[in-house]
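Work through the following exercises with the structure in view. Each task is followed by a worked solution.

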Amino acid sequence: MADSDGVLFANESFYRALAGGATAMMDDLWSRKAPVACIHPGWAPLGDRQSVVASWRRILAQPNRPAIECLLPEAYLLGDVAMVICYEKIGDNYLIATNLFRREGQNWKMVHHQAGPVAEPADTPTPDDAAVH
């Protein structure tokens with residue numbers, strides 16, 4: 001699997017875990033070897049793995065959590081680090097997200113997620129649209 005494919009697969013796995021309420025999958029996606037951080041919209045930054053994973057457990061445990069769809073992911077490869085910038089569609093609203101990954105062995109593990117409000121994308125995005133830089 002090409003590095004870009006692996007990064008986009010890891011990013012897609014993050015959104016599948018989010019959509020499916022899969023706490024074990026979410027936990028497995030986050031690095032255990034590198035520092036991690038997460039900034040949820042409207043929250044203070046979380047700067048350690050325990051706090052980050054606990055926040056996702058709380059979010060995923062909500063039975064009425066909104067459906068989130070990842071749109072227009074773009075991967076940027078920087079050696080053993082990569083970032084994916086994408087839109088998150090929640091109902092009729094959009095967020096823009098930056099997801100950072102670090103290569104650990106054969107896998108890409110998440111080390112940072114941040115999302116915040118943005119105007120609707122100019123193009124009509126679909127989940128299959130992906131780019132690699």
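**Exercise 1: The largest pocket**

The largest pocket holds about 310 Å³ of space. This is a predicted model, in which local features need pLDDT of at least 70, side-chain atom pairs count only at pLDDT 80 or more, and totals for chains, interfaces and linings use all residues. Residues are numbered from 1 along each chain as its sequence is written, and side-chain values use heavy atoms, with hydrogens and water left out.

Task: State which residues lie closest to the centre of the largest pocket, and which elements give two or more residues to its lining.

Solution. Step 1: Of the 16 lining residues, Pro41, Trp56, Ile59, Ile68 and Ile90 are the closest to the centre. Step 2: The elements that give two or more residues to the lining are α1 (3–20), α3 (49–61) and β3 (81–90). Step 3: By class, the lining has 11 nonpolar, three polar and two charged residues.

**Exercise 2: Asp27**

Task: Decide whether Asp27 is buried or exposed, and list its contacts.

Solution. Step 1: Locate Asp27 in helix α2 (residues 23–29). Step 2: Asp27 counts as buried because its relative accessibility is 15%; buried means under 20% relative accessible area and exposed over 50%, with partly exposed in between (1.4 Å probe, protein chains only). Step 3: Leaving aside neighbours within four places in sequence, Asp27 is in contact (heavy atoms within 4.5 Å) with Arg32, Arg49, Val53 and Arg57.

**Exercise 3: A hairpin**

Task: Describe how strand β2 is joined to β3.

Solution. Step 1: β2 (residues 69–78) and β3 run antiparallel, joined by eight bridges. Step 2: Leu71 stands opposite Tyr87 in β3. Step 3: β2 and β3 form a hairpin with two residues between them, and Gly79 in the turn has a positive phi of about 70°.

Terms used
On a 1 Å grid over the protein atoms alone, a cavity is a set of points where a 1.4 Å probe fits but cannot get out, and a pocket is an open set with protein on both sides within 12 Å along at least five of seven lines; lining residues have an atom within 4 Å of a point. Grid points are joined across faces, edges and corners, and a volume is the space filled by probe spheres set on the points. Helices (H or I, at least four residues) and strands (E, at least two) are DSSP runs, numbered from the N terminus. Ala, Val, Leu, Ile, Met, Phe, Trp, Tyr, Cys and Pro count as nonpolar, Asp, Glu, Lys and Arg as charged, and the others, Gly among them, as polar. Two strands pair if DSSP finds at least two bridges between them.
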